Amino acid sequence: MLADDATRRGLCQQCCSLFSTQGLRKLSATKRFRHSILGTFPDRPDCRFCSYLWTEDLIGHSRAPYSARCLRDLVNRASRSARQKKVNMLLASWVFIANKSEGLGLYSTLYPAIEGRSASEDDIGGIFIIVESDSGSLLWQSPHELRLVTSADDPCRIFTNLRHLAYDGLSADLETSLNSLLRTCRETHTLCQPSGPALLPSRLLQIYRDNTSSPRVRLRVTSQEDEMGLYAALSYCWGGPQLLRLTKDNITRFQDDIVDSNALPQTLKDAVIVTRLLGLEYLWIDSLCIIQDSVQDKEREIGRMCATYQNATVTIAAATSSSVSEGFLDRTAQFSTRYPSCTVDVSLGAENAIPHDNSSSISLVPPHIQDTENFPLNKRGWTYQEALLSPRLLVFGDLEPFIRCRTANAMSQSPSCIRYMSATIHPRRIISNKVRYGRDGDVESANDRSDELEFLWRELVEEYTRRDLSFPQDRQHAITGIVDFLSPTYRDKCHFGIWKSCAVACLLWKVTPGRESYAITDLPTWSWMSVTGQIDLDYLVYLDSPEAQIEWDAEASTHAMHIKCCVVPSDEVFGSMQAGGPDLIAETWADIHSSSGIEAFTTVVSFPGNAKDLYFLILGRGTNGNMTALVATSDQDAVYRRVGLAELRGSDMWLSKPRKDVLLE
């Protein structure tokens, strides 16, 4: 009887005992189940669970490298070390199945009780694999739990609140779940308020709710400056020139005609479907709500980008699509690793007896993550501010859709094998908790505001400049929404990426080596917006004391920056070195990393005879005692253009020089 049952279930007798009602309840109570000797696991290839533990990846997602990811790896690793004694000890050790139910406390706080039910006293949720010597010494433990997952109507749900990944496109259950999560956020999350009707953008797509098989849309121009309502916004990758876009020639037709959504590119069509599913009448899409061939309209609407995304009831993030033609509801592209699982039958009757009409099953799954860092949407420059400014972000990932808001980093349809940790979800919503500052005045002193803004701005700029822009000239525009949000929050002004309250610190940017960078025309050289490439603002953190004073012209759009600082001609630096003095240059960084630009900069620094046109503008002292300086050229008296950044030794000798008033363009 026992052997027949084990054969029918594809399990050994020990696993039959474990995966039964009595076995799981015992595991929940005692926290440990002694399985068998490690060396016997390869002898049971017909037991699906033993074979799984022996050969498959038990760790799942992890940032740390592990040489042993299954039981077989333990033995193979010891064998490679040619220490037979260690191999014999491992083969004779015991394998335990351990329950650590307290690790699931996280889920009870992030997710509502499934079917209105709290976790039962038998709840296990996850198991750890432990290897111990015969004397009880710990030899190995799986760093992550194997998660116990089952369906909502399975009798085994008493042992776990975790559910199978159920996303397979839109469904009635998903519609109910997403609307419930959005309602919870809007009604109960303090940081996500206000959540009622907000000022509408100047144009919106109106979605008609009729009996046609597919939604129909029409471009609607809203009342000037006073119409309130609820709407969704779309964040997506264009993927190149748009075949369908709003222009001066077709705007009247879009306003007059009702268009079948089937005529839209797939991503836009999917967004219309989701907007209707969420019960919203209006949808904002940049390509169809901004006149794309009107410079004046684009400037006006880009200037309203902060309000457009902040006022949206929800922003739909087409995260896995790299172009408007791909869509996001029926995506097959995979960005997240899917790890093998093991599904076992569970006896619900007397131990080791399985009534055929009363069976159940549980799947054991390593932890997964949504690999959001590699989603196409998170590689684009324009979409960065869209993710940060939106109060609610409905992200359509490759494993399942989930919601991010200012209160919760992630909310999904139900707890599952996916781990939603802040460190693994991109981009970090680092300005979410700053929303209250504008209302409550939490940052009291100017110094406090400046210090916090420095650290915040560093992360914002570094993340933003990692992303790609189709047109480099957009670098100053695609972050204006964030600037417009931060300015009233910190009571500060930003000029081309340099904040007035911490201007010296913000000037200490450098271009990260490794990728080509080149100048962007018509922008001031002192701004990181004037070059392509990833920006590093590490020196902002290490600035100990500013030694320069900075002012701008009254006109905010001017490129001129007035600096009062010590100006050191390069021949003074290199002349000392040529005369046998100390090496005064600790490090230098060129702003231009092209074949011509970096060669010119390196030549000047390496060969002092060519350095007569270079100047070092001393900005401040670092925590290591060295001075940081802009490296600049000068075409006329007291007018300079930045070409790089340098760190100089010998701080006292530079600060003893008189300060000059110079103009940096």
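Predicted model: local features only at pLDDT ≥ 70, side-chain atom pairs only at ≥ 80, totals over all residues.
Next one. Asp591 makes a salt bridge with Arg642, with 2.9 Å between the closest N and O atoms. This pair ties together distant parts of the chain: Asp591 is in the loop between strand S26 (585–590) and helix H21 (595–606), while Arg642 is in strand S29 (residues 639–648), 51 residues apart. So are these two buried or exposed? Asp591 has 3% relative accessibility, so it counts as buried. Arg642 comes out at 4%, so that one counts as buried too.

Okay, how many salt bridges are there in total? The count comes to 18. Let me pick out another one, Asp57 with Arg69, where the closest N and O atoms are 2.9 Å apart. Here again the pair links distant parts of the chain, 12 residues apart, with Asp57 and Arg69 each in the loop between helix H4 (48–55) and H5. The accessibility numbers are worth a look, because the cut-off for buried is under 20% relative accessible area. Asp57 is at 18%, so it counts as buried. Arg69 is at 21%, so it goes down as partly exposed.

Which residues are in it? Salt bridges link Arg203, Asp297, Arg300, Glu301 and Arg304.

Now over to the surface. Arg77, Arg83, Lys85 and Lys86 form a positive surface patch. One of them, Arg77, lies in helix H5, which covers residues 71–80. Arg77 has a relative accessible area of 34%, so it is classed as partly exposed. To be in a patch at all, a residue needs over 30% relative accessible area and no salt bridge.

Moving on to helices, and H10 to begin with. That's residues 266–277, 12 residues, and at 1.5 Å a residue the helix should span 16 Å. The C-alpha atoms at its ends are 16 Å apart, so that agrees. How many of its residues are buried? Nine of the 12 are, which makes H10 mostly covered. The buried ones are Thr267, Leu268, Lys269, Asp270, Ala271, Val272, Val274, Thr275 and Leu277. You'll notice that Lys269 and Asp270 are on that list. Just after the helix comes Gly279, with a positive phi of about 80 degrees.

The other helix I want to show is H17, residues 480–490, and it is mostly covered as well, with nine of its 11 residues buried. Those are Thr480, Gly481, Ile482, Val483, Phe485, Leu486, Ser487, Thr489 and Tyr490. And what follows H17? Arg491 does, and its phi is positive, near 50 degrees.

Gln385 is in helix H14, residues 382–389. Its relative accessible area is 1%, so Gln385 is buried.

That's my tour, so over to you.

Technical notes: Residues numbered from 1 in each chain as written. Heavy atoms only, no water. Helix = DSSP H or I, 4+ residues; strand = E, 2+ residues; numbered from the N terminus. Expected span 1.5 Å × (residues − 1). Buried < 20%, exposed > 50% of the residue type's maximum accessible area, 1.4 Å probe, protein only. Patch = residues over 30% accessible without salt bridge, like charges linked within 9 Å, V, L, I, M, F, W, Y side chains within 5 Å. Areas by Shrake-Rupley, 256 points an atom, 1.4 Å probe, with all protein chains shown as cover. Salt bridge = Lys/Arg side-chain N within 4 Å of Asp/Glu carboxyl O. Lys, Arg positive; Asp, Glu negative; His and termini not counted. Charge placed at Lys NZ, Arg CZ, Asp CG, Glu CD.
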